[in-house]
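Welcome, and thanks for taking a look at this one with us. Here is a short briefing to read alongside the structure.

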Amino acid sequence: MKKIIAIAVALVAFAAVAVAQPRAIGARLTYGAELSYQQSLGANFAEFDLGMALGEHSGFTISGIYDFLFPVGSGFNFFVGPGAQFSAYTFKEAESKAGIGIGGNLGLEYEFSGIPFNISLDYRPMWNFIGYSNWSSAALSFRYRF
């Protein structure tokens with residue numbers, strides 16, 4: 001019983017800390033569009049993206065990145081970090097492929113003063129160890145901070 005109470009208290013404390021941290025939600029525009037969510041973790045942040053692509057390469061990606069944030073002055077931040085991704089696509093030849101990979105993220109963001117909004121430009125290479133070929137993408141992101 002003591003273990004259950006201790007686990008419940010730890011979960012409530014973790015949830016309270018997570019809710020109290022700044023967050024951001026928006027779009028990451030690359031080959032397709034991605035819904036992007038960021039959760040502040042002290043001085044750094046975790047980013048989760050759900051990407052959709054339509055056309056000759058239709059499918060989706062789910063990415064998770066842990067970014068280390070380095071302020072460079074006057075609203076600008078440099079970020080870099082490791083991540084992982086799952087993807088599933090159907091190509092125009094009606095061939096379906098899936099992949100699981102690791103990679104990273106490297107970028108620069110600008111946080112506007114006075115309004116809860118940021119914009120970023122990043123580069124994200126991924127190397128699949130299961131599934132189809134490796135790839136990389138550059139993206140422009142717009143997020144609302146709350």
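A polar contact here is a pair of N or O atoms within 3.5 Å; within protein, one of them must be able to donate a hydrogen and the other to accept it. With that in hand, the side chains of Asp49 and Ser36 are joined by a polar contact of 2.8 Å. Please keep in mind that this is a predicted model.

**The chain as a whole**

- The protein chain holds one helix and eight strands, and along the sequence these run in the pattern α-β-β-β-β-β-β-β-β.
- Of the 146 residues in the protein chain, 34% are buried.
- If you take the contacts between residues at least 6 apart in sequence, 43% of them join residues at least 24 apart.
- The chain has an accessible surface of about 8600 Å², and carbon and sulfur atoms account for 75% of that.

- Asp49 sits in strand E3, which spans residues 44–53.
- Is Asp49 buried or exposed? Its relative accessible area is 3%, so Asp49 counts as buried, the cut-off being under 20%.
- Beyond its neighbours within four places in sequence, Asp49 is in contact with Arg28, Glu34, Leu35, Ser36, Tyr37, Thr61, Ile62, Ser63 and Arg124.
- Arg28, one of those partners of Asp49, belongs to strand E1.
- Arg28 is buried because its relative accessible area is 0%.
- Which side chain makes a polar contact with the side chain of Arg28? The partner is Asp122, at 2.7 Å.
- With neighbours within four places in sequence left aside, the contacts of Arg28 include Glu34, Ser36, Glu47, Asp49, Asp122 and Arg124. Ser137, Ala139, Leu140 and Ser141 are also among them.

**Phe76**

- Phe76 is found in strand E5.
- Phe76 has 37% relative accessibility, so this residue counts as partly exposed.
- Phe76 and Glu109 are 33 residues apart in sequence, while their C-alpha atoms are 5.7 Å apart in space.
- Setting aside residues up to four places away in sequence, Phe76 touches Pro71, Leu108, Glu109 and Tyr110.

**The largest pocket**

- How much space lies in the largest pocket? The volume is about 370 Å³.
- The lining of this pocket is made by 20 residues, and those closest to its centre are Tyr31, Ala53, Thr61, Tyr89 and Trp135.
- Strands E2 (33–41), E3, E4 (57–73), E5 (76–91) and E8 (135–145) are the elements that each give two or more residues to the lining of the largest pocket.
- E5 provides the largest share of that lining, with four residues.
- Sorted by class, the lining of the largest pocket comprises nine nonpolar, ten polar and one charged residues.

**The second largest pocket**

- The second largest pocket contains about 220 Å³ of space.
- Among its 16 lining residues, Pro22, Gln38, Ser40, Glu111 and Arg145 are the closest to the centre.
- At least two lining residues each come from strand E1 (23–29), E2, E3 and strand E6 (96–111).
- Which element gives the largest share of this lining? That is E2, with three residues.
- By class, six nonpolar, six polar and four charged residues make up the lining of the second largest pocket.

Notes. Residues numbered from 1 in each chain as written. Predicted model: local features only at pLDDT ≥ 70, side-chain atom pairs only at ≥ 80, totals over all residues. Heavy atoms only, no water. Buried < 20%, exposed > 50% of the residue type's maximum accessible area, 1.4 Å probe, protein only. Contact = heavy atoms within 4.5 Å. 1 Å grid on protein atoms, 1.4 Å probe; cavity = no way out; pocket = protein on both sides within 12 Å on 5 of 7 lines; lining within 4 Å. Points joined across faces, edges and corners; volume = space filled by probe spheres on them. Nonpolar A, V, L, I, M, F, W, Y, C, P; charged D, E, K, R; others polar. Areas by Shrake-Rupley, 256 points an atom, 1.4 Å probe, with all protein chains shown as cover.
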